[in-house]
Number of protein chains: 2
Amino acid sequence: MNNQWQSYPFINTQLQSVNQCIQNRISCNNADLQQALLAMANNGGKYLRPAVLLTIGQICGAKDEERLIKLAASIEILHMATLIHDDIIDDSPQRRGAVSIQTRFGKDTAVYAGDLLFTVFFKLLLETVPDSDYLKVNAHTMRKILNGELGQMDQRFNTTQSLKSYLHDVNGKTAALFRLAAQEGAYFAGASSRAVAMAAKYGQNLGIAFQMLDDILDYTGDQSLNKPVMEDLATGVYSLPLLLALQQPAAAAELKPLLAKRYQLTATDMASVQQIVVASGAIEQSRTLAGKFTQKALACLQALPDSRSRRFLEKMTKRLLKRTI
Amino acid sequence: MNNQWQSYPFINTQLQSVNQCIQNRISCNNADLQQALLAMANNGGKYLRPAVLLTIGQICGAKDEERLIKLAASIEILHMATLIHDDIIDDSPQRRGAVSIQTRFGKDTAVYAGDLLFTVFFKLLLETVPDSDYLKVNAHTMRKILNGELGQMDQRFNTTQSLKSYLHDVNGKTAALFRLAAQEGAYFAGASSRAVAMAAKYGQNLGIAFQMLDDILDYTGDQSLNKPVMEDLATGVYSLPLLLALQQPAAAAELKPLLAKRYQLTATDMASVQQIVVASGAIEQSRTLAGKFTQKALACLQALPDSRSRRFLEKMTKRLLKRTI
């Protein structure tokens, strides 16, 4: 877990417990792999989804802190499982600033490592959620995430993907888990059904804005930071800035011959794509769109009780728009 | 589903319903993938685990046929998910006599296809099992399967793997799911706790014998049949006949220089390994051992009420020892 939470002890202490819970749950009969999974749980993860769950829980007056911590851990474990499998798809050499599981142990172990975390998620959930409705919400979320990933995969190299189709996939692959985190935080704090619904909407909008920022950073980020730049493009995933640039005839005319090279894109080609996208103004357009979803998220938060925790979440939500990593 | 059940209408009709349930449940927003998953559900699968669950259910006087059919479908779906991920690990070109998902769509899609089936399994289970204890039994089984796979992976190229360690991995990767099938069949038919325990033990012993036969067929099978021969060896998995041959000093002396080539084994090398293993008598030893587990399985069946269904299961259990595919 990285240290961005240190100035907020009321959330940092709970996140430390989440981290401890994850460490206790990760066990497998391959010592190397276990160590790698522990390292992944400890290094560099932002623990954003657990932070959302726990803060919403605080806003809604949660009493059963232990259950919320376990739920927050279950969500981070599900997130880790999807990251490990995503890295196989993307052939990512790095994850959270360290060598990815698939690079260190091979694709083979990475497949099972992700599967193992799915079972850890499943087990933790069964111990924590007495209520079959919320187990179903979790199963449905897993399904949405996968369908988002499969949708994105289906759209690879599609230069005419619509914004609607992009949003549909993002709703699945990223927003569904933020939605679940916020929804569970409110529900298991005993909030009213209206508050639970608003929390869910908050999480979903936050997740969309978060993914859009991620897409922007793929075009503007610094290679020396945690995340490799232009990673999506290399695997044929055309994310928001590129899709918006492709909607402009002049930029599209320049981009299409380059994109036609598909997997044969060289580093120079990718730099050209980046330049064309930046010059087209698509980055600013993307930021404006992300800003709209951030505003929607903030509006949902207003429906929850005012408190120090809510003000903190507002601040964090706004800050996500300005993040550079 | 293949047609070996046609002479047994009392089980065949139920298996047709299992197949229909699986077809109804498989849906994803990638038409090609959906078609491939449907093809996998329909082609060549032996539906052994569902058959075990349903027959044990019949033996124990099940009334709620619909629930047992859904449970049988959930187990076959979990099995399919593990097969898809195993094929990634093994780089298998074929599965159930057809091109594997990973060969047809690439490893990437195969990772998500398996994950998707995990979510289908999870959802179906939540709709069918009201009782959190049995959800936990399912989660525990998934975990055991994965730990068995990881254990096997950890032992790759180990020429001194003990029989105990082999059995431990087989208990996970294969026997756990047979055990679950038999256990759920009895439990959800309302059997006594002793009958449920004996059914579980039956399933576990059957699963071990089944895996041993699979290992034997890898050394003796016909390449023109569904399963490629010597597939395990090529990926460094030393299965029962090879492990038993390695326990004989003379055979070990011949085998070790060949095995030292690891991934560089040529087709000729593999044929030599096969020949040495066959000449060592390890195939017969393996058959004897598999026979012992079959006998244990049959003894457990005796604890269940006598009926046409039980006699059928006895016949099927014995026949597994003689199968050639």
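**Helix packing**

Modeller: Thr294(A), Ala297(A), Leu298(A) and Leu301(A) of H13(A) are in contact with Arg310(A), Leu313(A), Glu314(A), Thr317(A) and Lys318(A) of H14(A), contact meaning that C-beta atoms placed from the backbone lie within 7 Å. By class, this contact comprises 4 nonpolar, 2 polar and 3 charged residues; Ala, Val, Leu, Ile, Met, Phe, Trp, Tyr, Cys and Pro count as nonpolar, Asp, Glu, Lys and Arg as charged, and the others, Gly among them, as polar.

The model is predicted: local features require pLDDT of at least 70 and side-chain atom pairs pLDDT 80 or more, while totals for chains, interfaces and linings use all residues. Residues are numbered from 1 along each chain as its sequence is written, and chains are lettered from A, and ligands numbered from 1, in the order in which they are written.

The axes of H13(A) (residues 282–301) and H14(A) (residues 308–320) come within 10 Å and cross at roughly 175 degrees. H13(A) and H14(A) are therefore roughly antiparallel (angles over 145 degrees; under 35 is roughly parallel, 65 to 115 roughly perpendicular, the rest oblique). Axes are lines fitted to C-alpha atoms, for helices over the stretch in contact, with angles from 0 to 180 degrees between N-to-C directions. Helices (H or I, at least four residues) and strands (E, at least two) are DSSP runs numbered from the N terminus.

In chain B, H8(B) (residues 193–220) and H14(B) (residues 308–322) have axes that come within 9 Å and cross at roughly 25 degrees, and these two helices are therefore roughly parallel. The crossing of H8(B) with H14(B) is left-handed, that is, the near helix is turned anticlockwise from the far one by less than a right angle (clockwise being right-handed). H8(B) contributes Leu206(B), Ala209(B), Phe210(B) and Leu213(B) to the contact, and H14(B) contributes Thr317(B), Leu320(B) and Leu321(B). This contact has 6 nonpolar residues, 1 polar residue and no charged residues.

In total, 32 residues of chain A are in contact with 32 residues of chain B. On the chain A side, H4 (65–90), H5 (101–128) and H6 (132–154) each supply at least two residues, and H6(A) gives the largest share, 13 residues. That side divides into 16 nonpolar, 8 polar and 8 charged residues.

The contact between H4(A) and H5(B) consists of 3 nonpolar, 1 polar and 3 charged residues.

Chain A is superposed on chain B by a rotation of 180 degrees with 0.0 Å of shift along the axis, at an RMSD of 0.0 Å, using least squares on C-alpha atoms of residues with pLDDT of at least 70 in both copies. The copies are thus related as by a two-fold rotation axis. Val111(A) has the C-alpha nearest that axis in chain A, 3.5 Å from it. Since 100% of the interface residues of chain A are also interface residues in chain B, the copies meet through the same surface.

As for the whole chain, the secondary structure of chain A comes to 14 helices and 2 strands. Its C-alpha atoms fill a box of roughly 60 × 45 × 35 Å along the principal axes.

How values were computed. Contact = placed C-beta atoms within 7 Å.
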